[in-house]
Amino acid sequence: MASEEASEEPSATAVAEAVARASEAPVALLTGSNRGSGRAIAAALHDRGYRVRSLNRTTTGESWLGETRCDLADPDQLAEGVAQVLAETGRLDACVANAVDRVLDPIEKLSPEDWDRIVAVNLTSVFHLIKAVLPALRRSRGLFVTMGSNASTHYFEGGAVYSATKAAVKALMETLLLEERGNGVRGCLVTPGAIANLEGDDAPYKISTESVGRCVASIIDAWPADLVVGEVELRPAALPRPPVTGIDRLLHV
């Protein structure tokens with residue numbers, strides 16, 4: 001019996017080969033993967049065989065997310081987090097800038113502190129993240145994905161800082177695509193409409209986080225490497241009845 005049990009143990013060669021295969025698996029780095037659509041993107045990439053690494057301000061403790069605690073508003077923490085991931089994995093094949101902060105106050109009530117923090121997280125951190133990962137993505141001829149928003153072009157009361165940062169990210173990503181395509185780095189802005197990001201939200205007029213995850217993972221893993229789509233817009237498939245239609249909309253301008 002002892003000999004039979006021993007024979008079932010993996011050999012040192014088999015273990016070494018498994019470790020080698022794992023070290024060759026592609027690596028995806030995400031920000032804000034602790035919940036919502038960020039977590040769904042991470043899960044979809046993990047299911048496709050990617051080694052997932054995450055920079056999260058609030059960590060979950062789940063090992064498969066490969067989390068490093070990081071306040072993206074702090075450029076030093078961000079740079080250190082990326083350096084740690086690259087030192088550990090030795091490569092980077094895709095990066096997803098997903099983390100977002102949001103305060104929906106009208107301009108009159110929006111505090112300068114909230115403005116500065118949201119600009120730092122939603123916009124400035126994307127710039128610093130690009131700078132930190134660009135050499136590794138050039139080596140792998142990889143893909144940088146940023147999660148934008150339809151708020152970048154569809155404005156609403158209380159959305160000043162959120163819309164402003166998402167509009168600026170759109171410009172940043174288009175410029176990245178123009179500058180880095182010749183270096184083998186593809187950039188893609190994913191521009192979604194309403195997502196059911198909050199736990200328990202099953203509104204029929206929002207996109208599920210699972211659908212967002214499947215879409216982004218497909219862009220990263222399944223789309224041909226000899227093409228790049230600068231922007232992908234996602235909208236909910238179902239629409240609520242609008243409260244005002246036709247020329248009566250002018251009553252609300």
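1. Glu180 is buried, with a relative accessible area of 6% (buried means under 20%, exposed over 50%, partly exposed in between, using a 1.4 Å probe and protein chains only). The model is a predicted one, in which local features need pLDDT of at least 70 and side-chain atom pairs count only at pLDDT 80 or more, while totals for chains, interfaces and linings use all residues. Residues are numbered from 1 along each chain as its sequence is written, and side-chain values use heavy atoms, with hydrogens and water left out.

2. The side chain of Glu180 meets that of Arg138 in a salt bridge, at 2.7 Å from N to O (a salt bridge is a side-chain nitrogen of Lys or Arg within 4 Å of a carboxyl oxygen of Asp or Glu). The two residues are 42 apart, Arg138 being in helix α5 (residues 112-140) and Glu180 in helix α6 (residues 160-180), and the pair links distant parts of the chain. Helices (H or I, at least four residues) and strands (E, at least two) are DSSP runs, numbered from the N terminus. Arg138 counts as partly exposed, at 39% relative accessibility.

3. A second salt bridge joins Glu231 and Lys170, whose closest N and O atoms are 2.4 Å apart. Because Glu231 lies in strand β7 (residues 231-234) and Lys170 in helix α6, this pair ties together parts that are 61 residues apart in sequence. Glu231 counts as partly exposed at 34% relative accessibility, and Lys170 is partly exposed with a relative accessible area of 29%.

4. The structure holds 10 salt bridges. Among them is the pair Lys206 and Asp201, with the closest N and O atoms 2.8 Å apart. Lys206 has a relative accessible area of 35% and is partly exposed; Asp201 counts as partly exposed at 24%. Asp101, Asp114 and Arg117 are linked in a network of salt bridges.

5. Helix α6 has 21 residues and reaches 30 Å from its first C-alpha to its last, close to the 30 Å expected (1.5 Å times one less than the number of residues). Its buried residues include Val161, Tyr162, Val169, Met173, Leu176 and Leu177, as well as Lys166 and Glu180. What covers the buried residues of α6 includes α5, β5 (143-147) and β6 (186-192), where contact means heavy atoms within 4.5 Å.

6. Helix α5 also contains Pro135, which is partly exposed with a relative accessible area of 43%. Pro135 and Asn183 are 48 residues apart in sequence and 9.9 Å apart in space, C-alpha to C-alpha.

7. The open sheet has 7 strands in the order β3-β2-β1-β4-β5-β6-β7, with parallel pairing (two strands pair if DSSP finds at least two bridges between them). β3 (67-69) and β7 stand at the edges with a single partner strand each, so one side of each is left without a neighbour in the sheet. From one strand to the next, the twist averages 15°; axes are lines fitted to C-alpha atoms, for helices over the stretch in contact, and angles run from 0 to 180 degrees between N-to-C directions.

8. β5 and β6 run parallel and are joined by 5 bridges. Met147 has Val190 in β6 as its bridge partner. Helix α3 (residues 36-47) packs on the sheet, touching β1 (27-31), β2 (51-56), β4 (94-97) and β5, and its direction makes about 175° with that of β1. Helix α6 packs on the sheet too, touching β5, β6 and β7, with its direction at about 155° to that of β6.
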